[in-house]
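Colleague: Could you walk me through reading this model? I would like the general idea of each feature, then the case at hand.

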Amino acid sequence: MGKARWTDEQAKQNIGRADDVLFPELFGRDAERAFKIYQQGHLDAEKDGAPPAFDDAKGLIAYLMTRKPAEFNAVVSNKPGDLVRREIAEHGWSGVFSKASGYQEANGHNKPHIAAMEH
C-alpha cells in the first residue's frame, strides 16, 4: 500500500499493538482495506499448516500440560479466532486451553482491551 518497510526499531514499537488502534494510525481512511489484506496474508501463509512454535512457547505449553485440569488456561489473540483455534489443534494443544478467543470475538473488542480478556 505504498508504505516503507519498518526499521527494526519501528517493528519493536508496533508489533503487538492492538490492530484496531495501529491500522488507523498507519493507514488512515484505508485502515479497513489494509487490515483485510493483512488478515488474508495470515490465511494464505497458513494454508500448509500452523506456523512452527518457538522453543520458549513449547516449554510454556509443556508446563501448562502438567497443571491440574481444574486450572484455567486461555489464549487471547488478535488473529481471527478460527485461525487461532486451528493452530492450537494442529500443534496438539487443544486439551491445554479451556478457551481461545480471536479478533473481535469479544463484542468487537481486541486485546489489550479488558473485554477481550474477560471474554
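**The pocket and its surroundings**

Modeller: The largest pocket has a volume of about 1,300 Å³. On a 1 Å grid over the protein atoms alone, a pocket is an open set of points where a 1.4 Å probe fits, with protein on both sides within 12 Å along at least five of seven lines; lining residues have an atom within 4 Å of a point. Grid points are joined across faces, edges and corners, and the volume is the space filled by probe spheres set on the points. This is a predicted model, where local features need pLDDT of at least 70 and side-chain atom pairs pLDDT 80 or more, while totals for chains, interfaces and linings use all residues. Residues are numbered from 1 along each chain as its sequence is written, and side-chain values use heavy atoms, with hydrogens and water left out.

Colleague: Which residues lie nearest the centre of the largest pocket?

Modeller: They are I15, G16, Y38, H42 and K79, out of 41 lining residues. By class, the lining has 26 nonpolar, 8 polar and 7 charged residues. Here Ala, Val, Leu, Ile, Met, Phe, Trp, Tyr, Cys and Pro count as nonpolar, Asp, Glu, Lys and Arg as charged, and the others, Gly among them, as polar.

Colleague: How many helices and strands does the chain have?

Modeller: There are 6 helices and 2 strands, as DSSP runs numbered from the N terminus (helices: H or I, at least four residues; strands: E, at least two). Their order from the N terminus is α-α-α-α-β-α-β-α. Elements that each give at least two residues to the pocket lining include helix 2 (19-27) and helix 3 (31-45).

Colleague: At what angle do the axes of helix 2 and helix 3 cross?

Modeller: Axes are lines fitted to C-alpha atoms, for helices over the stretch in contact, with angles from 0 to 180 degrees between N-to-C directions. These two come within 8 Å and cross at roughly 120°. D19, F23, P24 and F27 of helix 2 meet A31, A34, F35 and Y38 of helix 3; contact means heavy atoms within 4.5 Å.

Colleague: And the backbone: where is the cis peptide bond?

Modeller: Most residues other than glycine have a negative phi, and most peptide bonds are trans. In this chain a cis bond joins K111 and P112, with omega about 10°. Q104, which is not glycine, has a positive phi near 60°. P112 sits in the loop between strand 2 (99-101) and helix 6 (114-118), and Q104 is also found in the loop between strand 2 and helix 6.
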